[in-house]
Amino acid sequence: FRLVRDTGGATNATTDYDSTQYWNTLPSGGLPRVLFAEADRMRSLRITPANLENQRAAIQEEGLGLANLPYVSAAAEFGLKLWAGTPYGHSPIGTEEDLAALTEAEALAFHADYYAPSNAVLVIVGGFEVESARASIAETFGTLPAGAARPEREAFEVDRRTRAEVIADPLALFPVYAVVWHSDGARSSDALALRVIDRILLGHSNARFARSIRGPLALDAYSVSLAFRDVGLLNYVFAPRTFASFEEIEAVVRDEIASLREQGPTPAELCESVRREQFERLAALDTHEGVAAAIARGVLLGDDPYRFAQQLRALDALDREAIRRVARRVLVEDFLTLETGSYTHLTLP
């Protein structure tokens, strides 16, 4: 952090289910210094009781902050149940028990296994002298041991049986209702069709659930659909109006998905949903950080740094029958539901 900030730059890190990312944004003159720092991060790790406890406390504080947000704990508990028995069946932030039990030796072993050139992608985007950057990379990273190739993840199956969960949330201001389908991971050949289906259902003001549920039956409705490397969810959350029941919302959901499964999208909604998906992807490329993220994601998911451009073109090729085919496969009638809220004033079945 100090080396980056001394150049006038900013740095941060994030971890999700599939990867950890380190970000540095800085003037180009500071690039050699930051490449040195990143190579040093990969070369070795010094852990002391003091810095281990410091980071343990930071993660615990982050977990506590999330737990104090309405609906978050219930949603996280539900998600982990959906992926139980798979590599996605645990939270990336870990449990209190995990954090309490972590030792210096375990952290060092993890670093030795994963922090190696064979398991990393380095992306540099912006205004810099290419050959000078290559020389700095060779000087800083070139002396690092390559590391063992990571084995392919073992195949696994997700339990897709229907599930109806009721999880109380004392922090919730009002009850919410989530309707969820298991979908595909980001590497699936149908991943783009699923993104368009998500937009058709609740991706803009003219989307199906926006017209039929948001307003008439719900104070608000939004999509929290996602696609990690190997798993995904189509996930829609509704905050009902006082006169609307979960059963009424579910009936409308069933009508809308039956229509999409049987008839496919209209030409107009397909066009609007594809264009909005393309626009969002293009907007993400407006910054150096966005371009770097798109390149890294392409390499991690498909060993292709230009995957983002290929996907923009592939969206144009989607037709109504392709959307209908994927909708029939994924939007099954036995979907999953989550009811959550502060139930002190409700009578549950």
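## Aromatic contacts in a predicted model

Counting rings of Phe, Tyr and Trp (its six-membered ring) as paired if their centres lie within 6.5 Å, the count comes to 15 aromatic pairs. The model is predicted, so that local features need pLDDT of at least 70 and side-chain atom pairs count only at pLDDT 80 or more, while totals for chains, interfaces and linings use all residues. Residues are numbered from 1 along each chain as its sequence is written, and side-chain values use heavy atoms, with hydrogens and water left out.

| Pair | Class | Centre to centre | Angle between planes |
|---|---|---|---|
| Y17 and F228 | tilted | 4.7 Å | 50° |
| Y88 and F228 | stacked | 6.1 Å | 15° |

Y17 lies in the loop between strand 1 (10-15) and strand 2 (20-25), and F228 in the loop between strand 6 (226-227) and strand 7 (232-240), so this pair ties together parts 211 residues apart in sequence; helices (H or I, at least four residues) and strands (E, at least two) are DSSP runs, numbered from the N terminus. Y88, in the loop between helix 4 and helix 5 (96-101), is 140 residues from F228 in sequence.

With buried meaning under 20% relative accessible area, exposed over 50% and partly exposed in between (1.4 Å probe, protein chains only), F228 is buried at 17% and Y88 is buried at 1%, whereas Y17 is partly exposed at 25%. Ring pairs link Y17, W83, Y88, F156 and F228 into a cluster.

Terms used: Rings of Phe, Tyr and Trp (its six-membered ring) pair if their centres lie within 6.5 Å; planes under 30 degrees apart count as stacked, over 60 as edge-to-face and the rest as tilted.
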